[in-house]
Amino acid sequence: MIISQWTAPGGEMQAARDVRKTVFQDELGQSAEQVFDKADALCWQLAFLDEQAPIAAGRIGYHSLGVAELSQICVVPERRGEGLGDGVLKTLILKAETLGMKQAIVTCPRDVAGFFETVEFRAERVDPEAGTVTMRRELGIGFKCRCADQ
């Protein structure tokens with residue numbers, strides 16, 4: 001059974017760290033400084049665990065008044081394609097809403113922007129040099145059902 005584990009700002013975030021290390025450092029070759037930054041101490045950390053093994057993660061930080069910044073969303077390679085990334089993203093959105101946030105932003109590589117568009121994020125700014133796009137979503141609007149027509 002998959003469970004979610006929240007860590008409040010400043011708390012122990014080992015499960016989330018393990019997933020981020022596997023994906024961002026080991027798989028993508030990013031440095032520890034890129035993966036684990038000073039913002040970690042100020043963010044809510046989410047980890048999904050299966051039989052106590054960390055399999056997915058993400059975090060919520062504060063971008064500005066009423067605006068949450070979602071980041072570090074990842075799934076270990078062997079568990080991709082199971083909808084875990086979608087689950088992490090939607091869980092982060094719901095948590096941001098409970099924290100009183102009115103909007104959420106995410107900055108991601110341009111080639112994964114479509115993933116965020118599926119839950120109503122819209123491109124706001126493109127950085128061609130970095131190859132990233134910053135996207136924004138209103139909170140409190142729910143999620144569109146991707147159900148088959150009946």
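1. Burial and surface. In this predicted model, 41% of the 150 residues of the protein count as buried. The accessible surface comes to about 8,400 Å², and carbon and sulfur atoms account for 52% of that surface.

2. Elements and overall form. The protein contains 4 helices and 7 strands. Read from the N terminus, these elements follow the order β-α-α-β-β-β-α-β-α-β-β. The radius of gyration is 15 Å, close to the 15 Å that the globule rule gives for 150 residues, so the protein is as compact as a globular protein of that length. Taken along the principal axes, the box filled by the C-alpha atoms is roughly 40 × 35 × 30 Å.

3. Contacts along the chain. Among contacts with a separation of 6 or more, 61% are made by residues 24 or more positions apart.

4. Charged side chains. The protein carries 17 positive and 22 negative side chains. The centres of these two sets lie 4 Å apart.

5. The structure holds 3 aromatic pairs. One of them is formed by W6 and W44, whose ring centres are 6.3 Å apart; their planes stand at 80 degrees, over the 60 that the edge-to-face class requires, so the pair is edge-to-face.

6. The phenylalanine group. A further pair joins F116 and F121, with ring centres 5.8 Å apart and planes at 80 degrees, so this pair is edge-to-face as well. Together with F115, the residues F116 and F121 form one aromatic cluster.

7. The glycine at position 85. G85 lies in helix α3, which spans residues 84-98. Its relative accessible area is 15%, and G85 is therefore buried, the limit being 20%. Beyond its neighbours within four places in sequence, G85 is in contact with V75 and F115. F115 is also one of the residues of the aromatic cluster described in point 6. The C-alpha atoms of G85 and A57 are 8.3 Å apart in space, although 28 residues separate the two in sequence.

8. Most residues other than glycine have a negative phi. Which residues depart from this pattern here? E51 does, with a phi near 55 degrees, a positive value in a residue other than glycine. Q52 does likewise, with a positive phi of about 75 degrees although it is not a glycine. E51 is placed in the loop between β2 and β3 (53-64), and Q52 is also in the loop between β2 and β3.

9. Are E51 and Q52 buried or exposed? E51 has a relative accessibility of 65%, over the 50% limit, and so counts as exposed. Q52 is exposed too, with a relative accessible area of 63%. Both residues with positive phi discussed in point 8 are thus exposed.

Methods. Residues are numbered from 1 along each chain as its sequence is written. This is a predicted model: local features need pLDDT of at least 70, side-chain atom pairs count only at pLDDT 80 or more; totals for chains, interfaces and linings use all residues. Side-chain values use heavy atoms; hydrogens and water are left out. Helices (H or I, at least four residues) and strands (E, at least two) are DSSP runs, numbered from the N terminus. The radius of gyration is taken over C-alpha atoms; the globule rule is 2.2 Å times the number of residues to the power 0.38. Buried means under 20% relative accessible area, exposed over 50%, partly exposed in between (1.4 Å probe, protein chains only). Contact means heavy atoms within 4.5 Å. Accessible areas come from the Shrake-Rupley method with a 1.4 Å probe; for residues, only the protein chains shown count as cover. Lys and Arg count as positive and Asp and Glu as negative; His and the chain ends are not counted. The place of a charge is taken as NZ of Lys, CZ of Arg, CG of Asp or CD of Glu. Rings of Phe, Tyr and Trp (its six-membered ring) pair if their centres lie within 6.5 Å; planes under 30 degrees apart count as stacked, over 60 as edge-to-face and the rest as tilted.
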